[in-house]
Amino acid sequence: ILGGLVAGPFGALFGAQIGANMGARNSFDKAKQEEMERMGVSQNMLEMAEEVGAALNRAFEGLQATRDSLQTQQSFARRLDNNAQQLYEQSKVAIELGDEQKARGLLEQRHAVQQRLKKAFQACAEEKQRLEIMERNVATTEERAMEIETLLQRNVGAKALQDSSTSFSLSNEDPLLQKFRDLGID
């Protein structure tokens with residue numbers, strides 16, 4: 001998830017690393033660890049990436065649970081509203097038929113349903129507030145994941161630059177002159 005979220009050329013490696021470590025943290029073999037260090041990614045950086053990946057995963061799960069809860073509350077409120085409307089329509093029919101006692105009973109039932117509906121609306125409002133908080137938390141965690149991904153990319157780039165500058169250094173002397181000296185020709 002995180003690799004796809006942050007994308008970029010390092011995103012796949014980043015996401016794969018987090019996914020592999022979440023399931024089998026201790027199964028990270030020596031060769032992979034050496035390769036990551038060769039690329040400029042330390043174990044500490046990997047742990048930070050794992051932590052933010054796990055936090056982002058939990059945040060997404062919490063966000064989805066909150067959305068599901070809000071949808072359930074809204075569905076319940078719609079059902080109560082429909083029940084109240086049906087009771088009102090039934091009471092109107094009872095009045096038209098001259099059965100005031102039945103109409104009064106239906107209106108009392110409607111009043112009870114409306115009280116439950118008010119509580120359901122309050123629960124929906126509270127759940128919407130929780131959803132907004134969860135969305136802010138997810139956004140903050142995503143920003144942190146992107147910061148760590150940037151840090152990892154910067155370290156890999158710096159390590160690659162360092163490796164390229166040391167392996168392609170120019171000698172102070174012309175190689176042909178050096179060859180003549182080695183052969184004993186001055």
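1. Let me start with the surface. The protein chain has an accessible surface of about 12900 Å², and carbon and sulfur atoms contribute 52% of that. Please keep in mind that this is a predicted model.

2. On burial, the protein chain has 186 residues, and 26% of them are buried.

3. The secondary structure is quickly told: the protein chain has six helices and zero strands. Read from the N terminus on, the elements go α-α-α-α-α-α.

4. Contacts come next. Among those in the protein chain with a separation of 6 or more, 78% are between residues 24 or more positions apart.

5. Now for Lys 128, which sits in helix α5, spanning residues 100-167. Is Lys 128 buried or partly exposed? Its relative accessibility is 45%, so Lys 128 counts as partly exposed. Setting aside neighbours within four places in sequence, Lys 128 touches Leu 70 and Gln 74.

6. Lys 92 belongs to helix α4, which covers residues 43-96. With a relative accessible area of 36%, Lys 92 is partly exposed, because partly exposed covers the range between under 20% (buried) and over 50% (exposed). Lys 92 and Leu 107 are separated by 15 residues in sequence and by 9.4 Å in space, C-alpha to C-alpha.

How values were computed
Residues are numbered from 1 along each chain as its sequence is written. This is a predicted model: local features need pLDDT of at least 70, side-chain atom pairs count only at pLDDT 80 or more; totals for chains, interfaces and linings use all residues. Side-chain values use heavy atoms; hydrogens and water are left out. Helices (H or I, at least four residues) and strands (E, at least two) are DSSP runs, numbered from the N terminus. Buried means under 20% relative accessible area, exposed over 50%, partly exposed in between (1.4 Å probe, protein chains only). Contact means heavy atoms within 4.5 Å. Accessible areas come from the Shrake-Rupley method with a 1.4 Å probe; for residues, only the protein chains shown count as cover.
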